[in-house]
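I opened my notebook next to the model today and went through it one topic at a time. Here is what I looked up, in the order I did it.

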Amino acid sequence: MFSTEEVLYGEERAERFDRVIEGMVMATLAFMPLAFGVVEAWSEEVVLVSAAVLSVCLLLKGIVVGRASFTWTWAYVPVAVFIAVALLQLTPMPSAWIGVLSPNTVEQKTALLSDLPNGANLVSTLTLSFYPHATRHDLRLVLAVAAVFVVVLNVYRRPDQIMRLLAVITVIGGGVAVLALIQNVAGNGKIYWCIPSPHGMAHSGPFVNHSHYAQFMNLSVGAALGFVFVRVHRRFVHCRAVPSVVADYCGSPAARPTWAAATMAALGAASIFVCMSRGGMISMLIACAATVLVLSMRKALKGSGWLMVLLALAAFICVLCVGFDAVHDRLGSLGQLQRAEGGRWQIVKDISVAWTKFPLLGTGLGTHEVVYPMFDRSTVAALASHAENEYAQAAEETGIVGLMALVVFAVLVGRDYIRVIRAGQVPIYSAAYGLGFGLMAVMMHSLSDFGQHLPANGILSAVFCALLIRLRRLGSDEGAGGGEGALRDSRLRWYGIAGLLVICAAWGWVLSDADAARRSEHGWRRALAVEAGLARRNWQGHAEEYADLIRHAQAAATWQPDNVVYRYWLAVYRWRAISQTVDPDTGGILLPPQGHDLVARIVDELNEARACCPTFGATWSVLGQLERLVLNRSEGEKRIQTGYVLAPYDSTACLLAGGLDVEAGRVEQAFVKLRRAVRLDESCFAEVARLLVDHLARPDLALEIAGESPDLAGQLALMLDATEFGQEVDQRLLELLELKCREEASPAYWHAMLASMSYRQGNLERAIACYRAALIKNYGHIYWRFHLAQLLSECGLVAEAIHEARICLQLSPDFDAARRLIERLSVVRTSRATDP
């Protein structure tokens, strides 16, 4: 037994730990959205360090205080099962054991690895995961989410703590919403006005993906609603919410925090519409309707549905102010949602086929990107890096065991939500309405998005789940019954110390892996910067540039030797470095001395990369290309075909496999592969057109692949110039340019192309108009302006021609052709003036 003084002293020390932990939780929640939702290795490491410190502090609290209670919930079991599945997927086991758990894993890996020099050893001991590197990465994030869940559940035990956390989440979400709205109104298309966005716009605050932003904001709005409902419940717990009483409360100073939270909720809701995420809008509206329905059924807050109506009205007014037209157009596109969802539904159907091959424990956490392409039957050319459906991806990667663990966890949280709502006489219980709103919105949105893969969203969802479970246990006797346990004697304290050592060792492994990922990504970014310069010059560069490129890529691969992407591109860079010289007569690559030895070394490196992830198809394609074209090995053709099967989203794989079909005369198969290659990477169109024109004599297929792109049709027109079919291509190009140049966003050079074609057809009037349109979009292009001046002079518009030529000289004083044109036209004008 503890004396009263010991109890008080222990409570004081526990409170100190709680304050530290609460501060770290709040700092972590604030950091994650500002770091783009945590999508880079450095920010992931920060979050992992925070999760590690939080879990260690929680254990230290129990050890130091000596009587800190530990909350037990059955929700721990599915979390532990899910983590155990990922650990099992990473554990090397004899192939016979793997065959019992997942026969198709053994079959697939044996087929892909047995031809390697050490293939017998590789297939004798296997892992369930097809790509352990990706599984470890996702497992690290799952551990961070689980750690925050346990910490919040065990630290936030009092209503005042819960209200503080809801207030902090509300403030963070409100700040992010304000940033998003300001960027939408006064932004320059960049995140924070300085960081380029891949989509060329920044409507989602600090998030890159608008759907991920919508999930985060729906959760933040839920926290704000929970805060508002608790304060309203406290005010009207003993009286009816009649208009006069409500009006008095709304005008009182006591209502200011409520007004602030309500304002943040309205701004957050408005920003979801402004970010243009249809899934976010729909899921928010569904969650809102469900919450209003629940409110109408409960006596505690019955009649409080007016709160949701006011918030919806405020959000609508905000949308009117910042971007109603764009939101209206986006909502108008809901009629096209069936087509968009059709592609996602096809992905889900393909995943169901993959799941039947690996039903029990899946293909490995995080392996969708390297496994799904084998089963991809969609018409989408690009790679689906995620399944766009959290539930389908969980089934694919972790099997029925992992999916059922998530389902059981959701059921347990939902059960506590229902119990809290039913017992909602205590004001703090009203927070469940807001928490439930956020989780319902996220669960709906997860049917068409993968936002929970972001730590910013996954951890915030875990916080909501922990708070719902904690609300169910508020008021219970701490330390009594089966729900709470305490470290009350020396033996249990030693157990706590042992657990602390285990946790520290586990986090040590996790953090060392995360730090290697950060260092590796740093080297990789430097490699990409060098690559960008080389790619702009068609990979023609100095030896020093390639040395820098290979050095940075080598550093990335050294820090993460099991990263197949880094190893693959390192091999590609080595090949690019030795294949720059081309024979001007034959077009073939001239290798340097010892070139075949260097290629053989690159082939060996690619084979090592295959062992890291046997289903990464790009490795197979490049490997087959080098073996077939350089080393003259017969197995090269088979590897190219395997690469296409494994990676039908990779442009190189499609191009090489299509080339094999062209050589074999398989026209239809070649057309499908080559068209997909161009859709993935338009820069390979010239090679595709050459194959179809020179080897198959089918320029019509090349024109069909060009589709509605004036750029591709223009390349084909140059290739077929002065040929019979070239006239048909010119006519098609002219039609495309006439159509595309009517669009407001058409680039200037399309107008210049149309002007050039119009001139060749003798339509000088249209050529002049097109050059003028091009110069409106690109005022400083002196050659277009000079051509315009020449056309004007041909039409007898001497004064206008001189004016345009003078602008050319203003832009480029050394432009002699413009000066000569002015001199010639000045003579003509003078002669006209003196002519009687």
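**Salt bridges**

I counted 38 salt bridges, taking as a salt bridge a side-chain nitrogen of Lys or Arg within 4 Å of a carboxyl oxygen of Asp or Glu. This is a predicted model, so I kept local features to a pLDDT of at least 70 and side-chain atom pairs to pLDDT 80 or more, while totals for chains, interfaces and linings use all residues. Residues are numbered from 1 along each chain as its sequence is written, and side-chain values use heavy atoms, with hydrogens and water left out.

I began with R19, which pairs with E15 at 4.0 Å between the closest N and O atoms. Both are in helix α1 (residues 4–34), and because they are four residues apart there, about one helical turn separates them. Helices here are DSSP runs of H or I with at least four residues, strands are runs of E with at least two, and both are numbered from the N terminus. I noted the general rule too: an α-helix has 3.6 residues a turn, so residues three or four places apart point the same way.

Next I checked accessibility, where buried means under 20% relative accessible area, exposed means over 50% and partly exposed is in between (1.4 Å probe, protein chains only). R19 is exposed at 52%, and E15 is partly exposed at 22%.

The second pair I looked up was E627 with R633, a salt bridge of 3.4 Å from N to O. E627 is buried at 1% relative accessible area, whereas R633 is partly exposed at 34%.

**Nonpolar cores**

A nonpolar core here is a set of buried Ala, Val, Leu, Ile, Met, Phe, Trp, Tyr and Cys residues joined through side-chain atoms within 4.5 Å. Which residues touch the most other members of the largest core? Of its 85 residues, I found L29, F149, L165, L166, L467 and L471. Helix α9 (residues 210–236) gives the most to this core, with 14 residues. A second, separate core has 68 residues, among them A689, L691, I705 and L791.

Leaving aside neighbours within four places in sequence, L471 is in contact with I162, V420, I428, Y429, A431, A432 and L435.

**Two buried residues**

T135 lies in helix α7 (residues 132–155) and is buried, at 0% relative accessible area. Its side chain makes a polar contact of 2.6 Å with the side chain of S129. A polar contact is a pair of N or O atoms within 3.5 Å; within protein, one must be able to donate a hydrogen and the other to accept it, and residues adjacent in sequence count only if both atoms are side-chain atoms. Beyond four places in sequence, the contacts of T135 include A86, Q89, L90, G364, L365 and T367.

V729 is in helix α30 and is buried too, at 0%.

**Confidence**

Last, I checked pLDDT, the predictor's confidence in each residue, from 0 to 100. The protein chain averages 86, and 86% of the residues score at least 70. Confidence is highest in helix α3 (residues 76–90), at 97, and lowest in strand β6 (residues 484–486), at a mean of 49. Over residues 477–484 pLDDT stays under 50, and the model has 18 contacts beyond four places in sequence for them.

Definitions and conventions. Contact = heavy atoms within 4.5 Å.
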